[in-house]
Amino acid sequence: MIFRAIIAGLVVAAVSLIAHRFPRIGGILLTLPVVSIVAFVTVWWKDQELWNISKLARETLILVPLGTTVLRAAGIIRTPRARLLAAFVLDLALVSATIGLWFAFGPKIEN
């Protein structure tokens, strides 16, 4: 658990530092599935069952595109911070609703 948190923190810190100076490289780094791979490995070490990794991969495959709706405001807005914050709050509500609808009405994966 601590190992995953350290990896995630390092990825966020590195991307933030690099993206400040080189936004394109920061974007490339954000698309790398480093945290997902670490999660797959730790799930494997815990119980060594491919079924659990398969379930995690399928849910990730669906939820990542649903979660990218939060990038809309950040990608297009060029206004003062107050409007940017409002756009992020609105996008977070949209992402929450989208993912909530998926959990409520999407197909269920059997255990």
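Modeller: The secondary structure of the protein comes to 6 helices and 0 strands, where helices (H or I, at least four residues) and strands (E, at least two) are DSSP runs, numbered from the N terminus. This is a predicted model, in which local features need pLDDT of at least 70 and side-chain atom pairs count only at pLDDT 80 or more, while totals for chains, interfaces and linings use all residues. Residues are numbered from 1 along each chain as its sequence is written, and side-chain values use heavy atoms, with hydrogens and water left out.

The largest pocket has a volume of about 600 Å³. On a 1 Å grid over the protein atoms alone, a pocket is an open set of points with protein on both sides within 12 Å along at least five of seven lines, and its lining residues have an atom within 4 Å of a point; grid points are joined across faces, edges and corners, and the volume is the space filled by probe spheres set on the points. Of the 20 residues that line the largest pocket, L30, T31, L32, P33 and V64 are the closest to its centre. Two or more lining residues come from each of α1 (2-21), α2 (23-31), α3 (34-47) and α4 (50-67), and α1 gives the most, with 5 residues. By class, the lining has 14 nonpolar, 6 polar and no charged residues, with Ala, Val, Leu, Ile, Met, Phe, Trp, Tyr, Cys and Pro taken as nonpolar, Asp, Glu, Lys and Arg as charged, and the others, Gly among them, as polar.

Within α4, I53, K55 and L66 are buried, where buried means under 20% relative accessible area, exposed over 50%, and partly exposed in between (1.4 Å probe, protein chains only).

The loops on either side of α4 can be described in these terms as well. Q48, in the loop between α3 and α4, counts as exposed because its relative accessibility is 51%, and its phi is near 50 degrees, a positive value in a residue other than glycine. T69, in the loop between α4 and α5 (71-76), is buried, with a relative accessible area of 13%. Leaving aside neighbours within four places in sequence, T69 is in contact (heavy atoms within 4.5 Å) with D91, L94 and V95.

Technical notes:
On a 1 Å grid over the protein atoms alone, a cavity is a set of points where a 1.4 Å probe fits but cannot get out, and a pocket is an open set with protein on both sides within 12 Å along at least five of seven lines; lining residues have an atom within 4 Å of a point.
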